[in-house]
Amino acid sequence: MERFEGQGDRFRPEAEAGTQARIENLNADGTSVWDRALAKLRHSTTDYTYENWITQIVQIGQDGSTLTLGVPNYFVRDWIVLYYSDLVRRAVHSVVGEPIAIEFVIDETRKAGAQPPAAGGKTQDEQVVIAQVEAAADARTRLSERFTFENFVVGPSNQLAAAAAAAVADNPGKQYNPLFIYGGTGLGKTHLLHAIGNRIRARDPKMRVVYTSAEQFLNDFVVLLKRGQMEEFRRRFREGVDVLMMDDIQVLKKAQETQNEFFHTFNDLHDSGKAIILTSDIHPNELPNIESRLRTRFTSGLTADVYEPPFEVRIAIIKRKAEQEGVNLPDDVAQFVASKVTRSVRDLEGALTRLAAHATLTGRALSTAYAEEVLRDMLPQRQALSIEHVQKVVAKYFGMQVEDLRGEKRIRPIANARSVAMYFCRKLISDASFPIIGAAFGDKHHTTVMAAVERVSQKRDADTALARELEELERQING
Ligand code: ADP
Ligand code: MG
C-alpha cells in the first residue's frame with residue numbers, strides 16, 4: 001500500500017502545488033477530494049447530468065468535518081441539492097472513506113450577475129438552465145403526443161380503463177394507485193398511458209412523468225448494473241420521478257433480479273405518493289413467475305381491463321381514424337371493415353391504412369368489393385368454424401357432454417377440457433372475442449376465458465406431450 005501511495009508522489013508537481021491557494025485540500029497525488037469524487041461521478045451519472053450539473057460544482061474548501069462546494073447561483077444550488085445531493089454525497093464519502101458534511105455555497109467569483117430567483121423574473125442563466133432541464137425531461141418521458149384522451153374512442157370494452165386513466169391523470173397518485181390496465185394487444189393500453197402522461201404534463205409541465213416499457217426498464221437495469229451505475233438507475237426511475245408508467249410488465253416474468261429492483265422502485269414511489277400506472281397483457285394474478293409480493297402490490301389499487309371492442313365501437317374508431325387521416329370512407333365500407341377486423345384496434349388501423357394507400361395509388365373509390373379484394377389476406381380465409389363445433393369435438397375427445405363444457409362444474413377433468421375448448425375457440429375462430437367465447441360457455445366472464453386460454457398456452461409451451469395432443473385435437477376440429 002505504501003508503495004502505491006508513494007507512486008502518486010512521483011507525479012505531484014511540487015513547485016506548482018506550492019503555489020496552489022487551496023493546498024490544504026489536496027491529497028498526496030495533487031488532487032482535491034472533489035476532483036476524485038468527480039472522477040467517480042463521471043462514471044455513475046449520465047453524460048447529460050455530468051456535463052450540465054456536476055461540472056458546475058467546484059471545491060471551495062475543506063476542514064476536518066466539512067467539505068464546502070461552490071455552485072454558480074441559487075438555482076443551480078437548489079436543483080443540485082434537490083436531485084443530486086445523494087449522488088454527490090455518496091461519491092464524496094466513498095472518496096473520503098468516512099461520512100463528512102457537505103455544504104453548498106454560491107461561488108461569488110463565478111456568480112456573473114446571477115441573482116437569487118426573485119418572485120417572477122428569472123435571470124438569463126436560470127432560463128438557460130430551465131430550458132436544458134425541460135429538454136432532458138422530455139427526452140426521458142418519451143411521451144408520444146399522438147395519443148390523447150381526445151382521440152381515444154370509449155365504449156363498453158374500455159370504459160372502466162379509460163375512466164380510471166382520466167381520474168389518475170386529473171389526480172396523479174391520489175386515486176387508484178397503482179392503476180393496472182390489462183388486456184390483449186392492440187387494444188389501447190399504450191395509448192391510454194401516453195394520454196395520461198400528456199394530460200398531466202399539459203396541466204403541470206414541471207411534473208416529471210416517466211414512460212417506459214418494462215423491457216426498457218430491464219435493459220437499463222442490466223446495462224447500468226454492468227457499468228456499476230445503479231445510482232443513476234435509481235435516480236432515473238425513483239428520485240427523478242413523479243409519475244411512473246410502465247408498459248407491458250409481463251416481460252418482467254423473465255427477470256427475477258429486475259423484479260426485485262422493480263419491487264423496491266414500486267414501494268419507494270408508492271410510499272411517497274407518486275403515481276404508478278402499469279399495463280400487461282393478462283391479469284396480474286395470471287402472470288406466471290411473478291413473485292406474489294409483487295402481484296399483491298399490482299392489485300392493491302385498481303385493475304381495469306380492455307377487451308375487443310364491439311361492432312359499434314369498431315365502426316366509431318375506424319371512422320374517427322379516417323377523419324383524422326383525411327380518408328374518404330363510405331359508411332358501408334366502414335361497416336364492412338369493422339365486421340371483418342374484430343380483434344384489435346391496431347389491425348383496424350392497419351386495414352384502413354392499406355385501403356387508403358390502395359385507393360390513392362389506383363385512384364379508385366372505396367367500395368366494399370374493393371375493400372374485400374385489398375384486405376383479402378388480412379381476413380379469415382375459409383368458412384369459419386363455429387364455437388359449437390369446437391365444443392362438440394372437444395367434448396367428444398375428452399368423453400364428456402357439451403353441457404359439461406358450458407356448465408359450472410370445476411372438477412379438474414371438466415375444467416381442463418373447458419379451458420382447452422376455450423383455447424381452440426380463440427385460436428381458430430377469428431371473430432371469437434373473449435366476451436363472445438365467455439357467453440358461449442354459459443356466460444363466463446371474459447377474464448375467465450382470457451385466463452383459461454393463457455393457462456393452456458403456457459402449459460402447451462412447457463409440455464411437449466401436451467403440445468402434441470393439442471395438435472391432434474386441432475386436426476380433429478379442422479377435420
Ligand atoms: P396496446 O398497447 O393495448 O397493444 P395500443 O395502445 O398500442 O394497444 O393501440 C394500438 C393502436 O390502436 C394505437 O394506434 C391506438 O391509438 C389505437 N387505439 C386503440 N384503442 C383505441 C381507441 N379506443 N380509440 C382510438 N384508437 C385506439
Ligand atoms: Mg402496448
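These legends accompany an overview and several close-up views of a predicted model.

**Figure 1. The whole protein, for orientation.** Among contacts with a separation of 6 or more, 70% join residues 24 or more positions apart. The accessible surface amounts to about 24,100 Å², with 49% of that area belonging to carbon and sulfur atoms.

**Figure 2. Leucine 67 in strand β2.** Strand β2 spans residues 66-71 and includes leucine 67. This leucine is buried, at 0% relative accessibility. Beyond its neighbours within four places in sequence, leucine 67 touches Val33, Gln59, Gly61, Gln62, Val92, Ile100, Ala101, Ile102 and Glu103. Take a look at valine 92 in particular: it sits 25 residues from leucine 67 in sequence, with 8.8 Å between the two C-alpha atoms.

**Figure 3. Glutamine 229 in a loop between two helices.** Here the view moves to the loop that runs between α9 (214-226) and α10 (230-239), where glutamine 229 is found. Glutamine 229 counts as buried because its relative accessible area is 7%, under the 20% cut-off. Setting aside neighbours within four places in sequence, its contacts are His43, Ser44 and Leu224.

Figure 4. Arginine 475 and glutamate 472 pair up in a salt bridge, with 3.3 Å between the closest N and O atoms. Both residues belong to helix α22 (residues 464-478), and because they are 3 residues apart there, about one helical turn separates them. Arginine 475 is exposed, at 53% relative accessible area, while glutamate 472 is partly exposed, at 30%.

Figure 5. The side chains of arginine 460 and aspartate 461 form a salt bridge, 3.0 Å from N to O. Arginine 460 is partly exposed, with 26% relative accessible area, and aspartate 461 is exposed, with 59%.

**Figure 6. Aspartate 204 with lysine 206.** In this view, the closest N and O atoms of the salt bridge between aspartate 204 and lysine 206 are 4.0 Å apart. Aspartate 204 is partly exposed, at 27% relative accessibility, whereas lysine 206 is exposed, at 69%.

**Figure 7. A network of salt bridges.** To finish, this view brings together Glu150, Asp170, Arg199 and Arg203, which are linked by salt bridges into a network.

Methods
Residues numbered from 1 in each chain as written. Chains lettered and ligands numbered in written order. Predicted model: local features only at pLDDT ≥ 70, side-chain atom pairs only at ≥ 80, totals over all residues. Heavy atoms only, no water. Helix = DSSP H or I, 4+ residues; strand = E, 2+ residues; numbered from the N terminus. Buried < 20%, exposed > 50% of the residue type's maximum accessible area, 1.4 Å probe, protein only. Contact = heavy atoms within 4.5 Å. Areas by Shrake-Rupley, 256 points an atom, 1.4 Å probe, with all protein chains shown as cover.
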